[in-house]
Amino acid sequence: MKTSMTATTFTLAFPWFLFATTIFSLGLCHESSSAGCIESEREALLQLKFGLKDPSNQLSSWGGDANCCGWSRVICDNLTSHVIELHLRSLSREEYYASNHAGYNDDHWESSTFRGKISQSLLNLKHLEYLDLSNNNFEGNQIPKFLGSMGSLRYLNLSGAGFGGLIPHQLGNLSNLQYLTISDTISSYDYEKYVVSLHWLSSLSSLEFLDLSYVNLSKALDWLDVMNKLPSLVELHLSGCSLFNKVPPLPKVNFSSLAILDLSGNRFDESSIPSWIFSIKTLTSLDLSSNYFPGSIPVHLQNITFLRELDLSRNYFNSSMAFWSHDFTHLEHLRLASNILQGRIPSAIGNFTSLNSLDLSESLVGGEFPSAIGKLTSLESLYLSYNGLHGAIPSAIGNLTSLSILDLSSNELGGGIPASFKNLCNLRSLSLSSINLSQEINEVFEILSGCVSDGIETLSLSNSQLSGHLNNLLGQFKNLNSLILSNNLITGSIPVTLGELTSLTSLDLSHNKLNGSLPIGFGALEKLAKVDISHNSLEGEVSEIHFANLTNMRNFDGSHNQLILRVNPDWIPPFQLVENIALQSWDVGPQFPTWLHSLKYLEYLDLSNSKISSTLPLWFHEWSSRLYEFNLSNNQMHGKIPYLSIDDSDYSSIDLSSNNFEGPLPSVFSNPGGIDLSNNSFSGSIYTFLCNKIHRLNFEKSFHHYLTTEVLNLGKNLLSGEIPDCWMNWKSLAVIELNDNYFGGKIPRSIGTLSDLSFLNLRNNNLSGKIPLSLKHCKQLRVLDLGENGLSGNIPTWLGISFPGEEISSMDILNLRGNKFHGHIPKELCRMTSLQILDLANNNFSGTIPSCISNFSAMVEKNYGTMEGNVFYVYGPSLQSSQSSSVMMKGKMIEYSTILGFLRSMDLSNNKLSGDIPEEITGLEALQSLNLSHNLLSGSIPEKIGNMRALESLDFSQNQLFGEIPQSMSSLTFLSKLNLSNNNLSGIIPSGTQLQGFDPSSFSGNKLCGPPLTKNCSVDDATPPIATERGEDDKGSEPFTWFYFYVSIAPGFVVRFWTVVGPLMFNRRLRHLYFNFLNGLWDKIMAWYHVNVVRLVRGF
């Protein structure tokens, strides 16, 4: 109940009740009674019980005792024995979890609620005044119309009860009703309730409390007019009622008693807050959050002089300056979170001295932290998280001695926690995550010791640049419920005093540099429900004693440590309610842990890379059907798997990749969101797995028209035969990986029916034929890897278009390497502006390289869209499938995964491409690898090749390129692999440390000279000796002069050649002395030049 009836109402009602009960006690009752219970009412209750479904048997007392007044949830009048109250509410989902009820999952919660139908026998309870059916699940049934005939009702609570459909207007007959709630919450069952008109509410003149939250009122255009006619209304809640329509003006406001008004979550079609609200002078609480009102906060709010609570959060208010300057001296609770206030928090905030609670989180405020907040000495909660506040945390916060909750997380604050925080003796929750404290953790503990450590319950300091060792000061925080120190630089071991924090329910020490072993005292934390110690360097053995008293454990993540689990094979863990276990990178093996078998509520299991080398136990196949996700990848497990099962009622995933499983693929008796059986030794056809599964699941679950699996990875196995053509019923598939198997035949056309397909990897099989035309319907395709097969034909032009009529494609990776494709590279590929990796190597392509390749924006832009470097597909709230791809980089085929999103590569090698290298290619400034080798390319290397500054690997070998190496190539400072061999290049290799550091073989088979080649350059070598015919693109080259050629054939050439050059050619020692002399002479000339000529020029 959100509020109680007013004292005035009870005062007026009491004499009437006294008179009525006296009359009934003295009157002659025509109904028989048994031990104080009216028989007809007893029968009515039994009929009600018969219609209800009560899985947890909460009404077990109904019927056993003849006196129904003694039954649970039934209250009778002490004088008349009439049933006057029925309390059939259940715990809400939030209340259930907060109570730590056994099971701690939705199945148990739902089993604790009532279902079924409400019997009409309730009409026989003619004196019933109070009926509470809240938080049940009546499965979308309409609210019974006969409830409108229960004229004695004063209290009716149907909130969150799972009713649906049209709210019956008969409820308007309940003229005595004072309290009515038919609301739902976001977490309630998804059964929409609605009204067409609210005219029936006009009859409820005694109504004081009304809650219709999350009832669809979009068609009830009379809602405001009706509410305005309820003279006794004190509290009105219309949150999330779809009041999208423009509110009509209200000529006269009659809300004479209204104190609490909640219109949140409606998104009114208004440019500002409706003006009639400012006329309700009696308001003490106003909630207009989540309506996206724009503009400044209206100053008219000051007209509501008794306002104590104001919630304007989650709107588009862009200024609050005028608001702070007005008189809101009575305001106690102010929430302006999730607006776009911007600017600084004004010092005038210090005038709001009555504030108990202030929330400005996520409101884009910035500047330095205002010390004026230190004047708000009545403040009990302060939320300023996710803003742009910078500078030091002011010591004035230490003046807020009433403060219970302080959240400054995710700002640009720094400088450490002020020493004045030691004065915050009432502090219960402190969150300073994601700010730059740059303190030692023990310094923080010292500041918070004393009275703060005695009372604080939540301490969140994640990602705050904390360092140093945890020490025994931790043991002072006796009342701590939640300790979050993740993503810091904390070192050393976990102190033994951790075991003294007996109130701890949540512990997060993940992503630090902790070492040593897990303290034995850890097992004494009886209330501990959530633990995350992952991504540290903890080591040593963990045994039963470390979990001895952890009976309330729900989530345990110890992954990415070097811990060794050594428990008795017959161990029964005390954490029988656990839902999530992650022991990735632990030593759990060699046997599969049998202690898992007893865990009935486990939903998520990660034992990847845990040194298990056994087979899957027989009990696992049936036991796993209760899991939503299990990951046993990267072990050495072996044997055959007959079948697998998982709970597919929510997003689920099976991962057995990178093991040694063999035999045919297992049958999967469920429909998980992701299946990864890659990198094993499964063999044979996939027809049974792929096609028979459809018929079985459609038979077992007729409501599925197709499979809802989104990720299927069967790559790197020994699978063979043709790929079956039965993909049409796997319509949800977004990722298909069948790479590195022995599949033959053609690519099945039915893959083209998968409109959500994003990743298709059929690499390294024996596929033949053409790319099927049906794939053009896969409009979301981002990765297409058909490399290392025997596919043939032309590249389809439709590959460059993702949506019909659109000019661009969403393709990120296109790999057709190692096939038999032929023809020209179509210009349509240039529409793939998102293309990061293009590999067409080892085919029979001919013609020229399209000059439009400069349209590959992802190879031009230097800002990478994938922050983590992974190319992945996300399915469900937290599951993802990361992709890998083999890329020829620096002459080696490397498989990339974690940094795949950072790579930019183009490989057109080993084809029959001809013509010039287009100048436009130099615009691909983000390209890291370019391989055009083993083609028939001619012309010169593009002059602006030096613009491709991100290049790490460049291969132009085995072509017919001529001319000089451009000087700009020496500016490619990241270049570590270069091959220009076997062309017709000539002239001097450009000077600079970059090119001279490569092996001479990178330049062999040309007419080049200079380091790193042993051939030195003469004047004759500096210019190509043979004239070549220039193409029309070669407009920038200098006209060739034949003068030196004619001079070279003069008679004196022969004599000079044999007298000077001849001995140098045949006498190695003389040759070395001669060139060393020339080098030394040149150095002396250059030194003289710089000392004399350059200095003289600078003087002028």
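## Strands and rings in a predicted model

E85 stands opposite Y130 in strand β7. This is a predicted model, so local features need pLDDT of at least 70 and side-chain atom pairs count only at pLDDT 80 or more, while totals for chains, interfaces and linings use all residues. Residues are numbered from 1 along each chain as its sequence is written, and side-chain values use heavy atoms, leaving out hydrogens and water.

Let's stay with the strands, which are DSSP runs (E, at least two residues) numbered from the N terminus. Two of them pair if DSSP finds at least two bridges between them.

| Strands | Sense | Bridges |
|---|---|---|
| β4 (residues 74-76) and β5 (residues 83-87) | antiparallel | three |
| β5 and β7 (residues 130-132) | parallel | three |

C76 has V83 in β5 as its bridge partner. β4 and β5 make a hairpin with six residues between them, and S81 in that turn has a positive phi of about 65°.

Now for the rings. Those of Phe, Tyr and Trp (its six-membered ring) pair if their centres lie within 6.5 Å; planes under 30 degrees apart are stacked, over 60 edge-to-face, and the rest tilted. Searching the whole structure turns up 26 aromatic pairs. Take F556 and W586: their ring centres are 6.1 Å apart and their planes sit at 85°, so this pair is edge-to-face. F556 lies in strand β35 (residues 555-557) and W586 in the loop between β37 (580-582) and β38 (604-606), so the pair ties together parts 30 residues apart in sequence.

Conventions. Helix = DSSP H or I, 4+ residues; strand = E, 2+ residues; numbered from the N terminus.
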